[in-house]
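My entries follow the display.

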Amino acid sequence: MSDYVIAPPKINAAPIKGSDKLFPVRRVYCIGRNYAAHAIEMGHDPNREPPFFFQKNPDSIDFTGKFPYPSKTKDVHHEIEMVVALAKGGTNIAIDKALDHVWGYAVGLDMTRRDLQGIAKDMGRPWEIGKAFEHAAPMGAFVPASQIGHPSSGKVELKVNGKVKQAGDLNQMIWKVPEMISYLSEYFELAAGDIIMTGTPSGVAAIVAGDVMEANVEGVGELKVVVV
Ligand code: MN
């Protein structure tokens with residue numbers, strides 16, 4: 001093997017609950033508007049139009065429990081989401097086989113520079129500037145499906161400074177986890193290490209420095225993140 005001309009970038013990897021091992025992340029797929037009430041609050045029709053996805057960068061995932069307030073924005077929103085981690089990939093994965101590809105789950109936050117995303121939307125530009133910045137995806141420890149199964153219902157709740165801001169249920173997802181995996185696999189070759197952020201319930205709102213976000217997905221776990 002030839003040497004690299006610069007040091008190769010580090011692989012970002014998630015801690016695993018109850019284990020010293022790590023889950024290495026390859027790609028981060030995120031679905032948009034996957035809970036009807038959130039689609040409505042963002043000004044969209046919640047009917048079951050085809051799903052759409054964007055990506056965050058694997059190195060934007062942050063397991064430190066701290067979220068540095070990002071640059072060039074005055075309106076950063078929290079979006080609590082269940083995260084799905086894949087143990088194996090493929091293309092054209094059938095819906096009824098999709099869960100066989102799942103390694104486990106986690107609680108994550110799809111932090112969003114909403115003002116910059118709004119400008120991008122208005123101008124028909126891509127969303128990365130609003131979604132894929134440094135530290136934009138705080139996550140908790142990953143938990144294996146072998147321990148918790150495949151949660152398809154259960155409370156999804158985010159508190160800020162002790163007050164409930166987002167409250168929903170996994171059973172409110174418009175596109176279910178097996179459907180998302182199957183759909184993505186028709187457009188991309190999925191692989192072990194890919195993760196999917198499964199969308200957020202309504203109640204997204206702005207945070208400021210000093211806020212404490214406490215995210216909880218019933219049956220998966222919790223995550224506490226301080227805005228610094
Ligand atoms: Mn989101």
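**Salt bridges, notebook entries**

I started with burial and found that aspartate 110 and lysine 56 are both buried. I worked throughout from a predicted model.

Entry 1. I looked up the contact between these two residues. Aspartate 110 and lysine 56 form a salt bridge, with 2.7 Å between the closest N and O atoms. I placed lysine 56 in strand β4 (residues 53-56) and aspartate 110 in the loop between β9 (102-109) and β10 (112-113), so the pair ties together parts that are 54 residues apart in sequence.

Entry 2. I turned to glutamate 79, which forms a salt bridge with arginine 114; the closest N and O atoms are 2.8 Å apart. Arginine 114 lies in helix α2 (residues 114-122) and glutamate 79 in the loop between β7 (76-77) and β8 (80-86), so this pair ties together parts 35 residues apart in sequence. I noted both glutamate 79 and arginine 114 as buried.

Entry 3. I went back to aspartate 110 and found a salt bridge with lysine 131, the closest N and O atoms being 2.9 Å apart. Lysine 131 lies in helix α3 (residues 128-131) and aspartate 110 in the loop between β9 and β10, so the pair ties together parts that are 21 residues apart in sequence. Lysine 131 is buried, as is aspartate 110.

Entry 4. Which residues do salt bridges with shared partners join into one network? I listed Lys56, Glu79, Asp110, Arg114 and Lys131.

Entry 5. For the count, I recorded 6 salt bridges.

Conventions. Residues numbered from 1 in each chain as written. Predicted model: local features only at pLDDT ≥ 70, side-chain atom pairs only at ≥ 80, totals over all residues. Heavy atoms only, no water. Salt bridge = Lys/Arg side-chain N within 4 Å of Asp/Glu carboxyl O. Helix = DSSP H or I, 4+ residues; strand = E, 2+ residues; numbered from the N terminus. Buried < 20%, exposed > 50% of the residue type's maximum accessible area, 1.4 Å probe, protein only.
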